[in-house]
Amino acid sequence: MLYKSCQSITGTILIADDQAANRVLLEELLTAHGLQVVTVSDGAEVVPQLMTTQVDLVLMDVMMPRLTGFQACEEIKNNPDTYLIPVILITALSDKQDRIAGIKAGADDFLSRPVDRTELLARVRSLLKLKQRTDELERAESVLFSLAQSIEGKDPYTHGHCERLADYSARLGEQLGLSEDQVTALRRAGIVHDVGKIAVPDAILLKPGRLTPDEWTIIREHSVVGERICAPLKSFRYVLPIIRHHHEKLDGSGYPDGLRGEAIPITARVLQIVDVYDALTTDRPYKKAFSIADALQTMKEEVTKGWWDPHIFDQFERLVRNGTADFRSRGAAASGANG
């Protein structure tokens, strides 16, 4: 155990401090333990440096010219390309309000000057381990997304379907006032909702004609298989119900569990609406793309049958008709969208 705790840590650290002596001291401490170090002398240089260098952690002084450490930290955490990089703010300030300002800016940890060598290494080691876990999670998600897109790529008729669903469902979720976690889950589910089709033979998946009852049984398993594939990712806990239940119907006639009404998760009800819309407004082997007006009318009739959530459909129809988002698929655009 002692050997493991003393092992060298690895990673690239960005040091931002306007005082050269401070940069040199921190660099010497970190490189002595096998870490790579990049330095900048101004808070305004931090994010541009992160755009060109693979950095695992940022050590940053608070009081710097042009851009303070608080401001630079806020820029990092508001940028989707950098927000997962841990930030340690280093300051001689001991005022409680300064710590609160750092927390509001998104700082992951704090160090006080003069910097204690043992404390520095302990905090850096802890956050680098966290960053490693985050990177592993991102790689796992990336593999799943690539797998989902490779399945979609088998069928030329569904080209772009996953990206459209990710966009449509997130926009609709925002329109409905869903939480940030739910909207993020919808974006992810838009990409991976059909990943379970990896278990469906191509002869069935790409069959141009009507499916047999046995073939339908196999197709209907894809939502359960997809949930099972994605289940090991803890970050997908809000995505799993969408994957499993996006083919349920309000009247209980859907699959795999025959859920009714509000027993169907609201996020699954959102994805259902945009999934049906995209299918209707896209050319398929068995039909030409519907115009937007015809697609909405068809869906309205299905709402009357008790298949889809009427409130969610109303909000979706408002988005489409108001033109506040581009819900025009390739097929609908080509066939006279608003006809």
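User: Which residue lies over the face of Trp-307, and at what distance from the ring centre?

Analyst: Lys-249 does, at 3.6 Å from the ring centre of Trp-307. A charge sits over a ring if NZ of Lys or CZ of Arg is within 6 Å of the ring centre and within 35 degrees of the ring normal. The charged end of Lys-305 also sits over the Trp-307 ring, 4.8 Å from its centre.

User: What am I looking at here?

Analyst: This is a predicted model, where local features need pLDDT of at least 70, side-chain atom pairs count only at pLDDT 80 or more, and totals for chains, interfaces and linings use all residues. Residues are numbered from 1 along each chain as its sequence is written, and side-chain values use heavy atoms, leaving out hydrogens and water.

User: How is a pair of aromatic rings described?

Analyst: By the distance of the centres and the angle of the planes. Rings of Phe, Tyr and Trp (its six-membered ring) pair if their centres lie within 6.5 Å; planes under 30 degrees apart are stacked, over 60 edge-to-face, the rest tilted. The count here is three aromatic pairs. Tyr-168 and Tyr-277 make an edge-to-face pair, 6.1 Å centre to centre, with 65 degrees between the planes.

User: Which residue has its ring centre 5.0 Å from that of Tyr-277?

Analyst: Phe-316. Its plane and that of Tyr-277 are at 75 degrees, so this pair is edge-to-face. Tyr-168, Tyr-277 and Phe-316 form one aromatic cluster.

User: Are Tyr-168 and Tyr-277 buried or exposed?

Analyst: Both are buried (under 20% relative accessible area; exposed is over 50%, partly exposed in between; 1.4 Å probe, protein chains only). Phe-316 has 0% relative accessibility, so Phe-316 counts as buried.
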